[in-house]
Amino acid sequence: MRAHHVPSAELEVLLDPDATAWKSAGGEELKLEGTPLGMQLTAHIRAAWAGRKIGSVEQVSVAAVHDGQVLAFRLEWSAANGGVEPSDNHEFPDGAAVVLPSSPEAPIITMGAPGVAVNAWYWRADGEGARHVVAEGLGSSRTLDVELVRGRGAWKDGRWRVVIARALRVDTPEPIAQLEPGTETGFGVAVWDGTQGERAGIKAFSGPLWLELQLDAVPETTR
Amino acid sequence: MVMDLNKCIGCQTCTIACKRLWTRDEGMDYQWWNTVNTMPGRGTPRDWEQMGGGFQDGKARPGKLPSRRDFGEAWEFNHEEVFHGGKGDSVHLQVKGEEPDWGPNWDEDQGAGEYPNAYYFYLPRICNHCTHPACLEACPRKAIEKRQEDGVVLINEDRCRGYRFCMEACPYKKIYFNHAEKVSQKCIFCFPRIEQGVANACARQCPGRVRFVGYRDDEEGPIWKLVDKWKAALPLHPEYGTDPNVFYVPPLAPPRFDEKGDVDESKPRIPDEYLVSLFGPKVLDVLALMKSEMAKTRAGEKSELMDLLIAYRWKDMFGGFDRDPATIEWVKS
Ligand code: SF4
Ligand code: SF4
């Protein structure tokens, strides 16, 4: 998939899924699959989800743009009840994340491994703000901050449209993905259907291998 | 902790002591880390014993998430109207909005059985700070810890992401979800007090002298004596497999009456099967032991067990955690 270069834009503008920047972005339909039961981290979760469908969102449409400074993903999928704010104990918020390798060897299927991190940009529908997360293996994820990643979701007519964005490069010693226009990176997406009790490792994801994202080079004239 | 069910008067002082100390912040209004219910009854949350969780044959058993209504919502009352609206004579205190159909200890004092042999007793409950905590083992974020030094089971709210697997897994349904903070919360066994040698608020405030505190392996303390030496206190629902660290001295009921109104010692007033369903088969041994120790004291002999349970000296109930909290300057961090 391509992350199309767009003219320099305000982050606030990019967070609007209808912004002009997205018009030329195209996008791709991605098939999602449920995370395997055997990879769920605790015996309790495995027992509770044995025989239950994991990954209720089967398809997500993804587009990406960058303006040389910020990379933004737009995810869209069907969700019957997305407009409802969870208020009881058995109700969970919908969510979505983009995951990127912090180093090229990091495995996506296990959310990284010790010493080879992955970097997740995580949005949740309960107004929590977006999280900037690194993980070095299943269950090891740690929130770095809730400022750098921005996310905004709008639910309408049975469909979520969510934009998740972050600066391409961030000055930090943390093992995050540092991105460069004109290069390629792996990426993956995950979607949680909170109405089906999906949370944590119970989710739909783009699969055990990295997908490819080609970041357009910044055209000479605009440098 | 050991709780002597023969002495609990259902006054809820423990419940309120806990509430005032720990669950007054936002999102905690429906939380009662300590509950006291009339038994037999549906309990708090409603029908929690049918919600699964814990372990069966050593394997994790799936559980249900109790709803806020199952716990009982924190009702809002018309205080304004009654106390400040000048209508004190015509309006009575009532719940605002929808008529509630459940709350903590909703079935208070209903009990079971037929007059004149009706029966009930009170069952106070907190988190059991289990040795095999289902909550801890269910959490994929390792956000729950059982402290090495004192066995207290605590949720780290910085690691918790509100997934509530702990709430599903705890067979005692002693985890509450805070919808404002979006984290799970539970009884902390008053660890800031314990660290200072002060017994839990529920225990210190109890007018019935129901609650004993201390380390299980302290042979000078009341817990070891009641649980291990005398084997007079048992965990609730041991079959849930979590190995609780709260133990109960089971209730001995007054004798039954027969049709003529005479005392009938042939059958117990609280059916044995019911107590066995709560505390396991060993409960019958405990009841027999208590009866024989009571008979001893009636005959003028000494019984260490009865002396312990009577708790002549209040401070002896606290296994060394008997410091007066008023002697400490507490700082809220
Ligand atoms: S009673 Fe429940 S919450 Fe408390 S330690 Fe045991 S399993 Fe965990
Ligand atoms: S304070 Fe003591 S007597 Fe009163 S309800 Fe609680 S445990 Fe029972």
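These legends describe close-up views of a predicted model.

**View 1. The contact between chain A and chain B.** Chain A gives 26 residues to the contact, and chain B gives 27 residues. Together the two chains bury about 2,200 Å². Carbon and sulfur atoms account for 50% of that area. On the chain A side, the most area is lost to chain B by His44(A), Asn89(A) and Arg199(A). These three residues together make up 33% of what that side buries.

**View 2. The salt bridge between Arg199(A) and Glu168(B).** The count between chain A and chain B is one salt bridge. Arg199(A) pairs here with Glu168(B). Their closest N and O atoms are 2.9 Å apart. Arg199(A) is also one of the residues of chain A that lose the most area to chain B.

**View 3. Polar contacts and the chain A surface that touches chain B.** Between chain A and chain B, 15 residue pairs are in polar contact, with both residues at pLDDT 80 or more. On the side of chain A that touches chain B, α2 (43-49) and β7 (118-124) each supply at least two residues. The largest share, six residues, comes from α2(A). By class, this side of chain A holds 11 nonpolar, seven polar and eight charged residues.

Methods:
Residues numbered from 1 in each chain as written. Chains lettered and ligands numbered in written order. Predicted model: local features only at pLDDT ≥ 70, side-chain atom pairs only at ≥ 80, totals over all residues. Heavy atoms only, no water. Contact = heavy atoms within 4.5 Å. Buried area = accessible area lost by both parts, 1.4 Å probe. Salt bridge = Lys/Arg side-chain N within 4 Å of Asp/Glu carboxyl O. Polar contact = N/O pair within 3.5 Å; in protein donor to acceptor, adjacent residues only side chain to side chain. Helix = DSSP H or I, 4+ residues; strand = E, 2+ residues; numbered from the N terminus. Nonpolar A, V, L, I, M, F, W, Y, C, P; charged D, E, K, R; others polar.
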